[in-house]
Amino acid sequence: MKDFTFLLILSISISFSNILPAQNPIPNNDFENWSGNTPVDWDSSNESILGIDFTCVTRETNDPQNGQYSAKVQSVSHDIIFVGTVTMPGILTLGNVIIDIVNQTGTVVGGVPVDGYPKFLKGYFKYQPALGDSCIIGIGLTRWNGTNTDTIAYSYTKFGSNITNWQEFTLPVQYETFVEPDTMNIMFISSNIETGVVTGGSTLWVDNLWIEFSQVAVNDLGVNKRVYVYETADGNFITLNTREQILKADLYNINGFLLKTINATINYNPNIRISDLPSGIYLLRVLFPDGGSKTVKFRRI
C-alpha cells in the first residue's frame, strides 16, 4: 500500500486585511456554502491521480451540528494499475493543497488574512478511526516580513477515539514570537500523517468553527523557565505560574515607569489585573527569594 506523505508547510502570498478581531475570521465557518465536493473558501485533498478520482472531502447532510451541512473528511484508498493500492488522507484547509504525483508527496501552503492575536480555535467534530488511526486538527499563523514568511504560531492536536456524537474542541494557539500575524491557516486531517502510514476509511466530520482572540500577547525574554505568564479566561488578569516561591513582581510601562508591585510571598501563582491598563507594551519583572529574576514582555491589546 502506498501513502501520500504531506509536509505541512505554512507559507503565504497574501498580507494585510481589514478584518476586525471581534469578527470571526474563518470564512464559511459553518460549511453551508459548497462548490462541488469542496466548501467555498477552503481547499481539500480531492485529487485525480493517474485518472483515478480521490474524493476525500464531501458535503454531509446527515446530522449537521449547525445549519444544513457539515464537512466530511475521509482517508480514501484506490487500486491503481501498475502502482498498487494508494491511500490519500482527507485534508481540509484554508490554504492550498499541492500534490506531487511523481514523488507521492504533498504540501499545504497559504491561508487567509487575519488581524489581532487568535487565542483559541474552537469548533465541533466527530471521528471514526480505522485500525488505531487518529485525526489531526491544527492552526498556523504567519506573517510576511517583506522577504519571506515567518511562522508566528503553530498548534495542533490529535484525537484517536471513536466519537459518534458532536463534541466541542478547543485548541489553544501557541505563539513562538511576539509579532502580530497577518495570515491564518486551519487544517483538518482524517489520518495521523506523522506516522507515515495513512489508514483508509478513517473519517472526520467538522462543523461550526470560530476563533477567540486574546487581549494579551506574551514574549518570554528569559532563557530560564522558572515562571510562565498566561492570560486568564476572562482577559482581565495575567497569571504568574511557577513551581517555586515568588518574592514579588514589578510591572513597568515601556518607558520604565513602575506601575504596580505584587508581593507574592504567600501566593505561588498570583494574578495581576491588566483590564485597567491602556493598550501598549509592558515589562513584568519577577523576583525570586534566591536573588534570581525573570523578565516577561507583553502587549495589552
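Me: Why are β8 and β19 called edge strands?

Reply: The open sheet of five strands has the order β8-β9-β21-β16-β19, with antiparallel pairing. Both β8 (57–60) and β19 (163–172) are edge strands, each pairing on one side only.

Me: Why is C56 called buried, and what about C135?

Reply: Buried means under 20% relative accessible area, with a 1.4 Å probe and protein chains only. C56 has 2% relative accessibility and therefore counts as buried, and C135 is buried because its relative accessible area is 0%. Of the 301 residues of the protein chain, 45% count as buried.

Me: How many disulfides does a search of the whole structure find?

Reply: A disulfide is counted here as a pair of cysteine sulfur atoms within 2.5 Å, and the search of the whole structure finds zero of them.

Me: How are residues numbered, and which rules apply to the predicted model?

Reply: Residues are numbered from 1 along each chain as its sequence is written. Local features need pLDDT of at least 70 and side-chain atom pairs count only at pLDDT 80 or more, while totals for chains, interfaces and linings use all residues, and side-chain values use heavy atoms, leaving out hydrogens and water.

Methods. Buried < 20%, exposed > 50% of the residue type's maximum accessible area, 1.4 Å probe, protein only. Pairing = 2+ DSSP bridges. Helix = DSSP H or I, 4+ residues; strand = E, 2+ residues; numbered from the N terminus.
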